[in-house]
Structure formats: structure tokens, C-alpha cells
Amino acid sequence: MSLQFLQIFRGRNWPETYFTAWGSLFEGLNLKPEDTLLVRGATCALGYAAIQIAKALGCQVIATTHKKEKLKLLQDADLAVLDTGKLS
């Protein structure tokens, strides 16, 4: 977990955030180690928790953000992508 990320969120609601991510990944998506997970808006606390859990499971993770300056916060993902909102 990056120090910059911790400075932004300062540990607020961590248990609740991780439980929500866990439920979404395993109860909702039935995530498996061989899966690739796309996390859109990954620089929010829930997105970051999803990245951490999926990586711990052994998944490939693609993470997106709308802000170029936040790409550095996605260093734990296998691929960080700037989402411009355009399909082409």
C-alpha cells in the first residue's frame, strides 16, 4: 500500500471498506485466482481495497482513474490506465 494513498485516506472506515470490497468480489463476482479484474475509478478507497484483495488472491488487475496525477496511486495494479471517457 503506497504511503501517498494512506496519507489521503488516513485509515478512515478501513474495515467497512474492505468488507464491502470482499463481498463484491467474492459474493457478487465469484472472483477466482485466474481472473482479470477491471477496477474503474480505482483511486477511491473501495477501488483500492478491491485491487489489494484481488492481487492477494493472484488475479491480474487493470485499474483506471480519470485524473492523470492519480495514476501513481495505482502502482499495485498490473496495469494503470487513464480513463478519458472516450471509447476510441
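Predicted model: local features only at pLDDT ≥ 70, side-chain atom pairs only at ≥ 80, totals over all residues.
Local features were considered at pLDDT of at least 70 and side-chain atom pairs only at pLDDT 80 or more, whereas totals for chains, interfaces and linings use all residues. Residues are numbered from 1 along each chain as its sequence is written, and side-chain values use heavy atoms, with hydrogens and water left out.

The protein chain contains three helices and three strands, where helices (H or I, at least four residues) and strands (E, at least two) are DSSP runs numbered from the N terminus. Along the sequence these elements follow the pattern α-α-β-α-β-β. Of the 88 residues of the protein chain, 33% are buried; buried denotes a relative accessible area under 20%, exposed over 50%, and partly exposed the range in between, with a 1.4 Å probe and protein chains only. Among contacts (heavy atoms within 4.5 Å) in the protein chain with a separation of 6 or more, 51% are between residues 24 or more positions apart.

Two packed helices are described by the angle between their axes and the distance between the axes. Helix α2 (residues 14-28) packs against helix α3 (residues 45-57) at an angle of about 60°, and the axes are 9 Å apart. Axes are lines fitted to C-alpha atoms, for helices over the stretch in contact, and angles run from 0 to 180 degrees between N-to-C directions. The angle makes α2 oblique to α3; angles under 35 degrees count as roughly parallel, over 145 as roughly antiparallel, 65 to 115 as roughly perpendicular, and the rest as oblique. The crossing of α2 past α3 is right-handed, a crossing being right-handed if the near helix is turned clockwise from the far one by less than a right angle, and left-handed if anticlockwise.

On the α2 side, the residues that meet α3 are T17, Y18, T20, A21, W22, L25 and F26. Their counterparts in α3 are A45, L46, A49, A50, Q52, I53, A54 and L57. By class, this contact of α2 with α3 comprises 12 nonpolar, three polar and no charged residues. Ala, Val, Leu, Ile, Met, Phe, Trp, Tyr, Cys and Pro count as nonpolar, Asp, Glu, Lys and Arg as charged, and the others, Gly among them, as polar.

One of the α3 residues in this contact, Q52, is partly exposed, at 21% relative accessibility. The C-alpha atoms of Q52 and Y18 are separated by 9.3 Å, and the two residues are 34 residues apart along the chain. With residues up to four places away in sequence not counted, Q52 touches Y18 and D76. D76 is placed in the loop between β2 and β3 and is partly exposed, with a relative accessible area of 24%. Between D76 and A63, which are 13 residues apart along the chain, the C-alpha separation is 9.2 Å.

A search of the whole structure returned two salt bridges, a salt bridge being a side-chain nitrogen of Lys or Arg within 4 Å of a carboxyl oxygen of Asp or Glu. One is formed by the side chains of R40 and D83, with an N to O distance of 2.6 Å. This pair links distant parts of the chain, 43 residues apart: R40 is in the loop between β1 (36-39) and α3, and D83 is in the segment after β3 (79-82). R40 is exposed, with a relative accessible area of 56%, whereas D83 is buried, at 14%.

The side chains of D78 and K55 also meet in a salt bridge, at 2.8 Å from N to O. Here too distant parts of the chain are linked, since D78 is in the loop between β2 (60-65) and β3 and K55 is in helix α3, 23 residues apart. D78 is partly exposed at 39% relative accessibility, and K55 is partly exposed with a relative accessible area of 29%.

The loop between α2 and β1 includes N30 and L31. Most residues other than glycine have a negative phi. N30, although not a glycine, has a positive phi of about 55°. N30 is partly exposed, with a relative accessible area of 46%, while L31 is buried, with a relative accessible area of 6%. Apart from neighbours within four places in sequence, L31 is in contact with L25, F26, L37, A54, L57 and C59. The C-alpha atoms of L31 and C59 are 8.4 Å apart in space, and the residues are 28 residues apart in sequence.
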